[in-house]
Every structure is written in C-alpha cells, then in structure tokens.
Amino acid sequence: PRVFCPDHDETWSVLDCTCIQSVAERIASTTVLSLRGAHENLEHLCAKFDPMQYLEILKAYQELNAGTELVDRLFAEYEKAIAKVLPPPPTVTGKPSVQDLVEKFEIFGDILVSFHQLITFHRDEEPFQKSVKRQLRSKTAMMWLSVDKRCCQVVK
C-alpha cells in the first residue's frame with residue numbers, strides 16, 4: 001500500500017491511486033515539451049530581443065520555479081550565438097574579407113544589443129523577476145569577458 005499522508009493511511013491504502021502516476025507523467029511530458037519550445041525561442045531572442053516573447057518564456061520558467069535554470073540557459077544561448085558568429089581561431093581558415101568581417105560584426109552587434117536589452121529589461125518588483133534580474137546581473141561580467149576574448153581573437 002502507498003502512504004500519502006500518515007493521518008489517512010487507512011483511506012489511501014484501500015484506494016488504487018495509479019491515476020495519479022499517469023497524471024504526473026503527462027504533466028512531466030507537457031513540461032518537457034513546453035521547455036523545448038521555450039528553448040527554441042531563446043535562440044531567436046539572442047538575435048533580436050522581443051519583450052513579449054521574453055515575458056512568455058519568463059512566465060513558463062516562473063511556473064516551474066526555475067529562475068536559475070532560465071539564467072543558465074540564457075547565457076548558454078548567448079554564448080552559442082556569439083560562437084556561431086565569431087568562432088574560435090582554429091575553426092577559421094584563411095583571412096576573412098573586410099565585407100565578411102563587417103557582416104559578422106553587424107550580427108555580433110545585434111546580439112550584444114539584445115543581451116543589453118535583456119539585462120536592462122527587468123523592472124518588475126515581483127520576487128521571481130527580481131531573482132532572475134539579480135542572477136543575470138551577477139553573470140554579466142562573465143559574458144563581457146567572453147565577448148572581449150572572442151573579439152580579440154578575431155582581430156588578431
């Protein structure tokens with residue numbers, strides 16, 4: 001017999017509660033699918049910050065009480081976006097043309113603007129958003145260090 005509540009052991013031991021397991025599995029599956037969709041939206045957010053899209057993503061993570069996971073995922077997505085535009089030197093072959101560099105730095109600039117808009121977006125005093133804001137700001141220096149390193153590698 002399953003024990004859900006010590007005060008009601010007799011009641012629960014008589015009932016067959018397999019339906020609860022099925023509901024829990026469906027909720028977990030729906031959560032995973034929702035987060036996959038949110039993660040796809042994060043990639044687009046890196047190129048162009050959309051406050052409405054970000055609010056939807058923020059709300060999804062808030063429902064899961066997963067602010068730290070959101071911040072970690074955001075930083076991973078911005079790192080990926082930057083690496084895609086400015087790959088590390090070993091993957092670059094030959095000298096890029098000036099036009100190629102201009103195009104890369106335009107895209108790179110869009111990513112940096114999007115990142116800045118993300119960092120400065122949080123003005124709500126709601127506890128979840130305050131927590132996300134604090135975590136984002138605590139990792140900002142790490143992101144700028146990464147950006148500086150990539151820019152120096154490309155310019156060399």
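Student: Why is Glu77 called buried?

Tutor: This is a predicted model, so every value here is computed from it. Glu77 has a relative accessible area of 4%. Buried means under 20%. The value of 4% falls under that cut-off, so Glu77 counts as buried.

Student: What makes Arg73 and Glu77 a salt bridge?

Tutor: Their closest N and O atoms are 3.2 Å apart. The rule asks for a side-chain nitrogen of Lys or Arg within 4 Å of a carboxyl oxygen of Asp or Glu. Arg73 and Glu77 meet it, so the pair is called a salt bridge.

Student: How far apart along helix H4 are Arg73 and Glu77?

Tutor: They are four residues apart in helix H4, so about one helical turn separates them.

Student: Why is Arg73 called partly exposed?

Tutor: Its relative accessibility is 29%. Buried needs under 20% and exposed needs over 50%. Arg73 lies in between, so it is partly exposed.

Student: What makes Glu77 and Lys80 a salt bridge?

Tutor: The N to O distance between their side chains is 3.5 Å. The limit is 4 Å, so this pair passes too. Glu77 and Lys80 are three residues apart in helix H4, again about one helical turn. Lys80 has 47% relative accessibility and counts as partly exposed. Shared partners join Arg73, Glu77 and Lys80 into one network of salt bridges.

Student: How do you know that Lys139 and Asp72 form a salt bridge?

Tutor: Their closest N and O atoms are 2.5 Å apart. That is within 4 Å, so the pair qualifies.

Student: What makes this a link between distant parts of the chain?

Tutor: Lys139 is in helix H6 (residues 127-155), while Asp72 is in helix H4 (residues 67-85). The two are 67 residues apart. By the same rule, the count comes to three salt bridges.

Student: Are Lys139 and Asp72 buried or partly exposed?

Tutor: Lys139 has 23% relative accessibility. Asp72 has 38%.

Student: Why is Arg150 called buried?

Tutor: Arg150 is found in helix H6. Its relative accessibility is 15%. The cut-off is under 20%, so Arg150 counts as buried. Arg150 and Ile82 are 68 residues apart in sequence, but 8.3 Å apart in space, C-alpha to C-alpha.

Student: Which residues gather in the patch of negative charge on the surface?

Tutor: Asp100, Glu103, Glu106 and Asp110 do. Asp100 sits in helix H5 (residues 98-121).

Student: Which helix has the lowest mean pLDDT, and which the highest?

Tutor: Helix H1 (residues 9-14) has the lowest, at 51. H4 has the highest, at 87. The protein averages a pLDDT of 76, and 71% of the residues score at least 70.

How values were computed: Residues are numbered from 1 along each chain as its sequence is written. This is a predicted model: local features need pLDDT of at least 70, side-chain atom pairs count only at pLDDT 80 or more; totals for chains, interfaces and linings use all residues. Side-chain values use heavy atoms; hydrogens and water are left out. Patches are made of residues with over 30% relative accessible area and no salt bridge: like charges are joined within 9 Å, nonpolar side chains (Val, Leu, Ile, Met, Phe, Trp, Tyr) within 5 Å. Accessible areas come from the Shrake-Rupley method with a 1.4 Å probe; for residues, only the protein chains shown count as cover. Lys and Arg count as positive and Asp and Glu as negative; His and the chain ends are not counted. The place of a charge is taken as NZ of Lys, CZ of Arg, CG of Asp or CD of Glu. Buried means under 20% relative accessible area, exposed over 50%, partly exposed in between (1.4 Å probe, protein chains only). pLDDT is the predictor's confidence in each residue, from 0 to 100.
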